[in-house]
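Here are some friendly notes to read alongside the model. Please keep the sequence and the 3D view open as you go through the points.

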Amino acid sequence: MHHTQTDELSEKNRHPSEGHTLSPFPFSDTNKRYHTYSYALKQQYGKKLAKIPLDAGFTCPNRDGTKGWGGCRFCSSQGSGDTILHSGEDLRLQFEAGLERARKKWPDASAIAYFQSYSNTYAPLPDLRRILEPVFSWEDVAEVSIATRPDCLDAEKILWLSEMNRVKPVWIEMGLQSGRDATMAAMNRGHNTSILVACMKQLQGTGIRTCLHIINGLPGESHEDMMETARLVARLKPDAVKIHMLHVISDSALGQDYRQSPFPLLSMEEYVQIVCDQLEILPPEMVVERITGDGVADNLLAPEWTVKKRVTMNAVDRELACRDSWQGKRYKPEQ
Ligand code: SF4
């Protein structure tokens with residue numbers, strides 16, 4: 001259909017929630033004003049890549065006493081007992097089931113094998129090689145993404161990962177959560193920010209891609225604290241970031257605290273303001289994999305609004321459009 005200039009202007013003025021207005025943001029072909037993961041993957045692969053979660057049975061040093069007991073206060077206690085390392089056939093079955101589910105929605109999707117639960121490099125290198133290396137040869141796997149803690153990576157493991165990165169792209173995902181050490185100590189994180197900063201330096205130049213996770217709304221944090229966390233992300237320059245709202249999970253230590261004496265949590269409106277402020281100071285090319293977590297109603301204590309993921313995402317689009325702003329609008333390399 002032929003579009004007149006008036007059509008285009010009226011489309012530009014249209015509210016982002018009402019249609020697909022092209023935003024002024026360079027890394028977007030929709031109304032998004034931030035660098036979405038799906039856009040980045042489509043640019044690179046020309047199609048959808050589905051992230052298939054795999055549980056290899058790793059545990060976490062912040063649960064078994066190596067670094068701490070009980071885990072981070074916001075972490076669900078599920079699976080904190082003894083776990084068995086899975087590999088071979090078992091992982092393959094998990095993968096095939098996950099890919100089949102994904103292909104119902106996106107028939108031509110390839111996959112990112114995503115080792116998501118707990119700390120997926122928390123084992124001696126020979127075990128990591130036995131469990132993870134076969135995955136690189138699976139035909140439908142385009143990339144391998146490994147979630148872990150910075151204290152579960154060392155020079156030897158990083159060298160091995162950089163070799164695997166030549167076979168297929170490797171991502172390391174780590175939780176920064178907050179740049180404020182007092183918050184991390186209160187959340188029983190078991191490591192401070194400097195360990196993560198040092199790990200990011202070690203990963204630099206290896207070709208391994210990095211994704212940092214941050215959590216907004218942690219108890220006792222001010223707007224300025226959350227902005228400082230975003231500034232640290234901007235300085236560390238991971239390839240991607242995941243922004244989450246704190247979920248108070250019923251079987252977490254924080255859930256117990258909350259039941260005993262509820263503490264203030266961010267409203268959706270406050271969260272949206274903070275996310276937009278953070279997006280404005282992140283580098284425009286940094287991929288934003290998430291701007292809110294997946295709403296899981298089952299064991300969520302609060303806040304209830306987080307189950308409506310789409311509503312939050314639309315509110316961010318709307319707020320950025322109202323501000324006539326976008327990711328990186330206020331980015332300064334030396335902030
Ligand atoms: S959030 Fe991660 S690091 Fe913290 S206890 Fe849970 S699995 Fe371990």
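1. In which helix does Arg235 lie? Arg235 belongs to helix α8, which spans residues 223-236. Helices here are DSSP runs of H or I with at least four residues, strands are runs of E with at least two, and both are numbered from the N terminus. Arg235 has a relative accessibility of 41%, so it counts as partly exposed; the classes are buried under 20% relative accessible area, exposed over 50% and partly exposed in between, with a 1.4 Å probe and protein chains only. Leaving aside residues up to four places away in sequence, Arg235 touches Glu228 and Gln335, where contact means heavy atoms within 4.5 Å. From Arg235 to Tyr39 the separation is 196 residues in sequence and 23 Å in space, C-alpha to C-alpha.

2. A word on the basis of these notes. This is a predicted model, in which local features need pLDDT of at least 70 and side-chain atom pairs count only at pLDDT 80 or more, while totals for chains, interfaces and linings use all residues. Residues are numbered from 1 along each chain as its sequence is written, and side-chain values use heavy atoms, with hydrogens and water left out.

3. Now have a look at strand β2. It is mostly covered, with 6 of its 6 residues buried. Ser110, Ile112 and Tyr114 point one way from β2, while Ala111, Ala113 and Phe115 point the other way. Strand β1 (residues 49-54) pairs with β2 in the parallel sense over 6 bridges, and Ile52 stands opposite Ala113 in β2. The pairing of β2 with β3 is also parallel, over 5 bridges, and there Ala111 has Val141 of β3 as its bridge partner. Two strands pair if DSSP finds at least two bridges between them.

4. Which residues of helix α4 are buried? In α4 (residues 125-132) they are Leu125, Leu128, Ile131 and Leu132. They cover an arc of only 130° around the axis, which puts them on the same side of α4; the arc is that of the directions from the helix axis to the C-beta atoms. Among the elements that cover these buried residues are α3 (89-105), β2 (110-115), β3 (141-148) and α5 (155-167).

5. The whole structure holds 4 aromatic pairs. Rings of Phe, Tyr and Trp (its six-membered ring) pair if their centres lie within 6.5 Å; planes under 30 degrees apart count as stacked, over 60 as edge-to-face and the rest as tilted. The pair of Tyr271 and Trp305 is tilted, because the ring centres are 5.5 Å apart and the planes stand at 45°. This pair links distant parts of the chain, 34 residues apart: Tyr271 is in helix α10 (residues 268-281) and Trp305 in the loop between β9 (300-302) and α11 (309-322). Tyr271, at 0% relative accessibility, counts as buried, and so does Trp305 at 16%.

6. Two charges sit over rings. The charged end of Lys48 is 4.2 Å from the centre of the Trp106 ring, and that of Arg92 is 4.8 Å from the centre of the Trp138 ring. The rule asks for NZ of Lys or CZ of Arg within 6 Å of the ring centre and within 35 degrees of the ring normal.

7. How many disulfides are there? The count comes to 0, a disulfide being a pair of cysteine sulfur atoms within 2.5 Å. For Cys322, the nearest cysteine sulfur is that of Cys276, 9.4 Å away. Cys322 is exposed at 61% relative accessibility, whereas Cys75 is partly exposed at 27%.
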